[in-house]
Amino acid sequence: SYLVCQEGELSSYREIRLEEFKGYSEIKGKIAFMQGDACNLLEIFKDYDLVFAGNLLSRLYDPAKFLELIKNRIRPKGLLVLASSYTWQENYTPRDKWLGGFKGTTGENVTSLAGITQVLSPQFTLINEPKDIPFVIRETARKFQYGVSELTVWEKCSE
């Protein structure tokens, strides 16, 4: 169940059921949806073959902490898929926690991809060229936001 803004203070309640999607009824026992703090993951969240973090990094209060935590939750040869528009804003992430999008101490540009690489190395290797993925966010019934995320896929090295 979720809430969709229509206009101003008016919203509609919506619900999606797994049974509505072909092929998922057979594996519904293997699917779980949970809500939590990505920078404070419980120990039970571990041993993953794949973790997808979509448009998450630039909305965390400590994105490097998340990356450090998730590194140890993925099995060797497992994948970490990141998608981000890198829209760093201080109302979400303190400036000193940004992974990129700023000038370094010597005046050079520090990109978010470079910052992510620094945090994930040497345990993870970028296995493809980054790809731009467009997306649309519905704000209200009549207003939508268009954006582009950079998609990267990282493989955890064998231990």
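View 1. Helices (H or I, at least four residues) and strands (E, at least two) are DSSP runs, counted from the N terminus. The residues being covered are Pro-63, Phe-66, Leu-67, Ile-70 and Lys-71. They take up an arc of only 130 degrees around the axis, which puts them on the same side of H1. That arc is the one made by the directions from the helix axis to the C-beta atoms. "Buried" here means under 20% relative accessible area, "exposed" means over 50%, and "partly exposed" is in between (1.4 Å probe, protein chains only). A quick note on reading the views: residues are numbered from 1 along each chain as its sequence is written, and side-chain values use heavy atoms, leaving out hydrogens and water. Since this is a predicted model, local features need pLDDT of at least 70 and side-chain atom pairs count only at pLDDT 80 or more, while totals for chains, interfaces and linings use all residues.

**View 2. Helix H2 and its packing partners.** Over on H2, the buried residues are Ser-112, Gly-115, Ile-116, Val-119 and Leu-120. Their arc around the axis is only 125 degrees, which puts them on the same side of H2. They pack against H1, E4, strand E6 (109-110), strand E7 (124-126) and E9. Zoom in on Ile-116 and you'll find it in contact (heavy atoms within 4.5 Å) with Leu-57, Leu-67, Leu-82, Tyr-86, Leu-99 and Trp-154, setting aside neighbours within four places in sequence.

**View 3. The largest nonpolar core.** Which residues have the most contacts inside this core? They are Leu-57, Phe-66, Leu-67, Leu-80, Leu-82, Ile-116 and Leu-120, out of 21 residues in the core. Strand E3 (48-54), helix H1 (63-71), E4 and helix H2 (112-120) are the elements that give two or more residues to it. A nonpolar core is a set of buried Ala, Val, Leu, Ile, Met, Phe, Trp, Tyr and Cys residues joined through side-chain atoms within 4.5 Å. In soluble globular proteins, nonpolar side chains tend to be buried together.

**View 4. A pair of tryptophan rings.** Searching the whole structure turns up 1 aromatic pair. The ring centres of Trp-88 and Trp-98 sit 6.5 Å apart with their planes at 25 degrees, so the pair is stacked. Both partners belong to the loop between strand E4 (74-84) and strand E5 (102-103), and they are 10 residues apart. Rings of Phe, Tyr and Trp (its six-membered ring) pair if their centres lie within 6.5 Å; planes under 30 degrees apart count as stacked, over 60 as edge-to-face, and the rest as tilted. Are these tryptophans buried or exposed? Trp-88 is buried, and so is Trp-98.

**View 5. Ser-58 and the residues it touches.** You'll find Ser-58 in the loop between E3 and H1. With 3% relative accessibility, Ser-58 counts as buried. Skipping residues up to four places away in sequence, Ser-58 touches Ser-84, Tyr-86, Thr-87, Trp-88, Tyr-92 and Thr-93.

**View 6. A salt bridge between Arg-142 and Glu-7.** Here the two side chains meet at 3.4 Å, N to O. Arg-142 lies in the loop between strand E8 (131-140) and strand E9 (143-156), while Glu-7 is in strand E1 (residues 2-7), so to speak a link between distant parts of the chain, 135 residues apart. Arg-142 is exposed at 68% relative accessibility, whereas Glu-7 is partly exposed at 45%. A salt bridge is a side-chain nitrogen of Lys or Arg within 4 Å of a carboxyl oxygen of Asp or Glu, and the structure holds 8 of them.

**View 7. Two further salt bridges, Lys-143 with Glu-139 and Glu-15 with Arg-17.** The closest N and O atoms of Lys-143 and Glu-139 are 3.0 Å apart. Lys-143 is partly exposed, at 45%, and Glu-139 is partly exposed too, at 29%. For Glu-15 and Arg-17 the N to O distance is 3.4 Å. Glu-15 is partly exposed, with 45% relative accessible area, and Arg-17 is partly exposed at 46%.

**View 8. Cys-5 and Cys-157.** How many disulfides does a search of the whole structure find? The count is 0, where a disulfide would be a pair of cysteine sulfur atoms within 2.5 Å. Cys-5 is partly exposed at 26% relative accessibility, and Cys-157 is partly exposed at 30%.
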